[in-house]
Amino acid sequence: MTDRPYIELRARSAFSFLEGGATPEDLAETAAGKGLSAMALLDRDGVYGAPRFHMAAKKSGIRALIGAEVTCLDGRRYPLLAATRDGYRNLCRLLTRMKLRAPRKGVGAVSHDELHAYREGLLCLDIDGVDLYGREATVAAVERHHDAREEARNRVIVDKARHHEVPVAAVNGVAFARPEQREVTDALTCIRHKVTLAEAGRRLHRNAERYVKGAREMARLFADMPEAIANTVRVAERVEYTLADLGYEFPRYPTPGGEPMAAYLRTIAEAGARRRYVPYYEKARRQIERELTLIEKLELAGYFLIVWDIVEFCRREGILVQGRGSAANSAVCYSLGITAVDPVGMDLLFERFLSEERGEWPDIDLDLPSGDQRERAIQYVYQRYGQLGAAMTANVITYRGRSAAREMGKVLGFEEQECARLAALVPVWGWKNPEEGAREHFAQAGLDIRDPRVGKFYELFTAVQDLPRHLGQHSGGMVICQEQLDSVVPLEPATMPGRVVVQWDKEDCADLGIIKVDLLGLGMMAVLEECIDRVQGAYGETVDLAHLPPDDPRVYAALQSADTIGMFQVESRAQMSSLPRVRPRNFYDIVVQVALIRPGPIVGKMVHPYVRRRQGKEPAECLHPSLEPVLRRTLGVPLFQEQLLRMAMIVSGFTGGEAEELRRALGFKRSEKRMAEIETKLRAGMTRNGIVGAAQDTIVQSITSFALYGFPESHAASFALLAYASAWLKCNYPAVFTAALLNNQPMGFYHPATIVKDAQRRGVRVLPVDVGVSEWFCTVRKGGGASRVEEMRLGLCYARSLRREAGDAIVARRPFASVSDLGRRVPELSRQDLRRLASIGALNSIGGIHRRDALWDAERAARPVGPLFDYVEEQTGSPLAPMDDGERMVSDFLGTGLTIGRHVMAHRRPQLEGVWRACELHSLPNGLWVKVAGVVIVRQRPGTAKGFVFLSLEDETGVANVIIEPDTFEREKQTVIGSPILLIEGVLQNQEGVVSVKARRTTGLGGVAAPSHDFH
């Protein structure tokens, strides 16, 4: 007997957030494998997983039916299926209404009246919905999971269905794809209810039956109700709607006088091109005409105009803005002022940005200063397109690493301290076989993986990886819609007031053709914007980032010597190790440098060949003669995504569509799998073109390695502009640049303590926090003589725990005659604030006192008034001795996180016999046994480094680099990780201007220091 067709009408995924144990992709793939022709995904109070389910179902050859389980005020959940496009729109609006009025994220409910009002086009899979949706739009769903209580409910449901003449349909209420996923689903249930497995009781699934079942399994379960199986197909046939009919439309730009958008875009683009290209030469003219023709053909003029409108708003408001990403490949974007890179002059590949075969919207990212300036741009978009016309894209927060370890530990009943130890182990597993690494590191933490509970922890930790935890907000992606966006995707309030988010992330939006504009906050943009203002204010000089002197020798000298602390994109330890070897001499060298130290080139083993060729140690030969035009500028070594696309088209005969498939694989989260699928195509094409053997293997290796974060040349060029600007400002206005860096923390690799010491070594005079002269932020003052800016003053913001309100009150009400006067006139200051200001020397200028005098006066100023305290008034001074250098240094670190006095290591130097200073290592021969010591400012263990650990140690003269081999690290891990100041003994490596110490022994020196930047 043939199986009766069956369609699962009620499945939930992990996007029901802590109620499902499988991804939408897993559900679709499993359903297809079980022979189902369709499946309905009904996640809790949202369509969060719908795009991924739709795309996965399309790939697996089944239909994806879309709906949601909607929570009602009475606590019931109504499973609703979108039968028509109007039904889908009503579902989105119903969910939006519920979410936007909810008191907090993750909660909310709708009323019966709302369920009724938004019923058009929806099917309800609950017999109790018959009063709301009517007999024609209601289905009585029954489930069987070997539960007697469930069978009793089923009898009631069937009786009601017969009474109301409503069809009965069998569903399995799927919560996971396979039986073995029941355990992780139960663990997520425990997290939702904030209980351990031992406490969960009946909250857990009774058994593992809620997995995806095929038609034969369901027919056996419902052998006495064959009509219930047949009705699943009938219900599915009534569902016309899929996400392929989303109905999204990008807004039409309101042009002056109603002029056609394409014509208006042409007008402003050509005007901009004449400003940008002087003279407006033929090659640029042809490229812009080609791009405008394609933009008009694809009906994308409105998109470019809307992005241009945002950029124009920023310019009017004095907000620094620069487009980056693949948009930098477009001469039209350059002409409109959206991007700052000339793609014609750099010969960038326009098809990387836009082509007729792509079938998706182009992607333009705008970098803005992080903070208030970016928020102004975001609010401009909200105001222009309305509350329901624009929203931020979501960011799906998934279980990864430490979060998974902490929560799985809690589920299994581990104590808080044990959970913390388990979470701390996670970063050191990755570079070796995971289970082997887990076993070894568990043992070091006093845990035996053979213990059943510890072993189960490891199983759950592994199973929960990448499952959704909750919905967050993307850093800057915005979607906008011609009509109300809530008819396309449900909206929710963001944590930040004044913002709403859609229920999908940026990849989901792209997959469904929803256009997104990224308004990204970039710390360096804020630094550059502040530098421009401060240079103008300090000495009346104008800095134009678009017209900086292009070949400043001081910039290239700093880059070649790796003197790059604080500079954008070139300040990491890996960059510092590369810069003296590559020795950038022009702007394109910086473009290459930005892209060189990335996982793609590192894994593809392209870094060392490029460096050797750059140094003239090996010929700049291409992988194949046909690739010479593509790889000439990078010395025969492929470094950029655009090169990879051109290579595939040349050596394998890829069409534009196949190159696009390759491009998407390069940027896809799980791209290794997709790259493997097209590797066969690459090899077949090369074989046809006579490229075989080692040459073929090398080319395939260079292409597939870019599955790990290959960098677009246009992106590198945009970042190189900012890198050069930051370097130029640091070299020409070091105090201004330092102040701007300190005012925009946190950012980059280095703590403010390191930034201050770097500035002092450059001759910047750094002055302390002072209530008499400090502003809230750090400031600069122009000096006389040859010095541009002599001084930088720390701002009140560096007094730890001081509130902005109190800081502004200090600035507004000074000068102060005494500490008592300060305490009396600034009541916003607490006793703790006064103590803190006194301990860091910020009160020394009031009456010419030292820190302990100020502490004494601060206590007196903050004391209660009354006769018991009158005797204090008779004291004319403090009986306390001044702090010595060491005590002042400790107070500085405790009160501000840094010191402007002598470096920590300068205090320790007399006790360090035979220890070299960082500045002396360059003069020592390679292979010498040395001792170095310093404050650990950076600890790194890159995933591409096979377990090696890299440290940066700072002393009073500079930074020394240390390499620790995996075995040494395992032996001395507690010292390396736990000590803020280290003494390292090992072998000096001094090669090609790059100096480091290969550690053999490590000793913790203890002491106070700023926190380090670890394992990011």
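Trainee: What makes the pairing of the side chains of Glu492 and Gln503 a polar contact?

Mentor: Bear in mind that this is a predicted model. The side chains of Glu492 and Gln503 are joined at 3.1 Å, and since the cut-off for such a pair of N or O atoms is within 3.5 Å, the pair is called a polar contact.

Trainee: Why is Glu492 called buried?

Mentor: Glu492, which has its place in strand S12 (residues 491-493), has a relative accessibility of 5%. Buried means under 20%, so Glu492 counts as buried.

Trainee: Which residues is Glu492 in contact with, leaving aside its neighbours within four places in sequence?

Mentor: With those neighbours left aside, Glu492 is in contact with Tyr48, Lys99, Leu100, Lys105, Leu471, Val500, Val501 and Gln503.

Trainee: How do you know that helix H28 is largely enclosed by the rest of the structure?

Mentor: Helix H28 spans residues 641-651, and eight of its eleven residues are buried, so the helix is largely enclosed by the rest of the structure. The buried residues are Gln641, Glu642, Gln643, Leu644, Leu645, Met647, Ala648 and Val651. Just after H28, Gly653 takes a positive phi of about 65°.

Trainee: How many cavities are there of 30 Å³ or more, and what is the volume of the largest cavity?

Mentor: The count comes to four cavities of 30 Å³ or more, and the largest cavity has a volume of about 130 Å³. Of the 17 residues that line the largest cavity, Ala753, Phe893, Val935, Glu954 and Ala1010 are the closest to its centre.

Trainee: Which elements supply at least two residues of the lining of the largest cavity, and how do the lining residues divide?

Mentor: Helix H34 (752-761) and strand S18 (929-940) each supply at least two residues, and the largest share, three residues, comes from H34. The lining of the largest cavity divides into nine nonpolar, five polar and three charged residues.

Trainee: What lines the second largest cavity?

Mentor: The second largest cavity, with about 60 Å³ of space, is lined by Ile565, Lys730, Pro734, Phe737, Thr738, Leu741, Ile755, Asp758, Ala759 and Arg762. Helix H33 (734-743) and H34 are the elements that give two or more residues to this lining, and the largest share, four residues, comes from H33.

Trainee: How do the residues of that lining divide?

Mentor: The lining of the second largest cavity divides into six nonpolar, one polar and three charged residues.

Conventions
Residues are numbered from 1 along each chain as its sequence is written. This is a predicted model: local features need pLDDT of at least 70, side-chain atom pairs count only at pLDDT 80 or more; totals for chains, interfaces and linings use all residues. Side-chain values use heavy atoms; hydrogens and water are left out. Buried means under 20% relative accessible area, exposed over 50%, partly exposed in between (1.4 Å probe, protein chains only). On a 1 Å grid over the protein atoms alone, a cavity is a set of points where a 1.4 Å probe fits but cannot get out, and a pocket is an open set with protein on both sides within 12 Å along at least five of seven lines; lining residues have an atom within 4 Å of a point. Grid points are joined across faces, edges and corners, and a volume is the space filled by probe spheres set on the points. Ala, Val, Leu, Ile, Met, Phe, Trp, Tyr, Cys and Pro count as nonpolar, Asp, Glu, Lys and Arg as charged, and the others, Gly among them, as polar. A polar contact is a pair of N or O atoms within 3.5 Å; within protein, one must be able to donate a hydrogen and the other to accept it, and residues adjacent in sequence count only if both atoms are side-chain atoms. Contact means heavy atoms within 4.5 Å.
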